[in-house]
Every structure is written in C-alpha cells, then in structure tokens.
Amino acid sequence: MRESPPCRAVQMTAAQIGLQMHLTHFDLSLGEHLNPSFASINPHQVVPTIVLSNNKDKDPNSSSKKIDDSSGLTLSSSSSSLGDEDFILWESRAIICFLIDHFSPGNSLYPQDPVARARVD
C-alpha cells in the first residue's frame, strides 16, 4: 500500500542500505490483502510483509528469488544463514531491524551500542 507509513519506512530503509526490491502492491481498501494466497504467506494478513528466499540453487530469473513486502518488497539473498526455507517476517520495525542487521551490519541507521539501540527500539 503506497499510503502506508510502515510500508514506506521499510522501503526507505531498504533504499538507504542499497537493497533492490520488487514491490507487490495490495489495495487494503479493497481487501486485496485478505486473499488466500497472501494468507498462506502471512496468516495475519498485514503489511508490510517480507519473504526472503535463499535461492542459491534456483533459476536467477525466478520471481521466487526475492523478498516480498506485501506492500510489498522483494530482495534476493545468497546467504546460507537463512537455511533452505523461505524467511517470512511482518511488522515494519522488525523488518527494518532485520534488513539492516542482515544486509548492512554496523550501519549507523541501527546502532550497535545497546543504549543507543534501545532508544531506536
């Protein structure tokens, strides 16, 4: 949803740390986020939602090779720390923290110092 401040916050964070995203937009006013295919990804059916697939063995042109923020975002990763299954996360603050920690560790957007981090959290 383009008007969603939480979705925009995730998009701005991803842009700031240099992540490419594929967006899948849902019109919340029409209930597009309530469809069964989205419920299979996120049973809470809230946005933003990201789906991060570890696609080291998949076709690089495959659309499943992305993070899907149901507002939405798509990012690719070859990180072995994700394991073989998709990693799905919702709630904008959790997504933002994850993106910085996973893709841009040590970035000043999310400080390492526990006191400074507590102020952000």
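A residue is called buried here when its relative accessible area is under 20%, exposed when that area is over 50%, and partly exposed in between. Keep those cut-offs in mind as we walk through this predicted model, starting with its aromatic rings.

By the ring-centre rule, the structure has three aromatic pairs. Let's take Phe26 and Phe38 to begin with: their ring centres are 5.0 Å apart and their planes make an angle of 40°, a tilted arrangement. Phe26 sits in the loop that runs between β1 (22–23) and α2 (36–41), while Phe38 belongs to helix α2, so this pair ties together parts that are twelve residues apart in sequence. Are these two residues buried or exposed? Both Phe26 and Phe38 are buried, so each has a relative accessible area under the 20% cut-off.

Phe87 and Phe98 form another tilted pair, with 4.7 Å from centre to centre and 35° between the planes. Here a strand meets a helix: Phe87 lies in strand β4 (residues 87–90) and Phe98 in helix α3, so the pair ties together parts that are eleven residues apart in sequence. The two partners fall into separate accessibility classes. Phe87 counts as partly exposed because its relative accessibility is 27%, whereas Phe98, at 15%, counts as buried. If you follow the ring pairs here, you will find that they link Phe87, Phe98 and Phe103 into a cluster.

Helix α3 also brings us to a helix packing. Two packed helices are described by the angle between their axes and the distance between the axes. For helix α1 (residues 5–16) and helix α3 (residues 92–103), the angle is about 5° and the axes are 9 Å apart. That angle makes α1 roughly parallel to α3, because angles under 35 degrees are classed that way. Which residues of α1 and α3 meet? From α1 come Pro6, Ala9, Val10, Thr13 and Ala14, and from α3 come Ser92, Ile95, Ile96, Leu99 and Ile100. Sorted by class, this contact has eight nonpolar residues, two polar ones and no charged ones.

Our last stop is Arg117, a residue of helix α4 (residues 114–120). Why does Arg117 count as buried? Its relative accessibility is 19%, and the buried class takes in values under 20%. Setting aside neighbours within four places in sequence, Arg117 is in contact with Asp101, Tyr110, Pro111 and Gln112.

Methods: Residues are numbered from 1 along each chain as its sequence is written. This is a predicted model: local features need pLDDT of at least 70, side-chain atom pairs count only at pLDDT 80 or more; totals for chains, interfaces and linings use all residues. Side-chain values use heavy atoms; hydrogens and water are left out. Axes are lines fitted to C-alpha atoms, for helices over the stretch in contact, and angles run from 0 to 180 degrees between N-to-C directions. Helices (H or I, at least four residues) and strands (E, at least two) are DSSP runs, numbered from the N terminus. Angles under 35 degrees count as roughly parallel, over 145 as roughly antiparallel, 65 to 115 as roughly perpendicular and the rest as oblique. Contact means heavy atoms within 4.5 Å. Ala, Val, Leu, Ile, Met, Phe, Trp, Tyr, Cys and Pro count as nonpolar, Asp, Glu, Lys and Arg as charged, and the others, Gly among them, as polar. Buried means under 20% relative accessible area, exposed over 50%, partly exposed in between (1.4 Å probe, protein chains only). Rings of Phe, Tyr and Trp (its six-membered ring) pair if their centres lie within 6.5 Å; planes under 30 degrees apart count as stacked, over 60 as edge-to-face and the rest as tilted.
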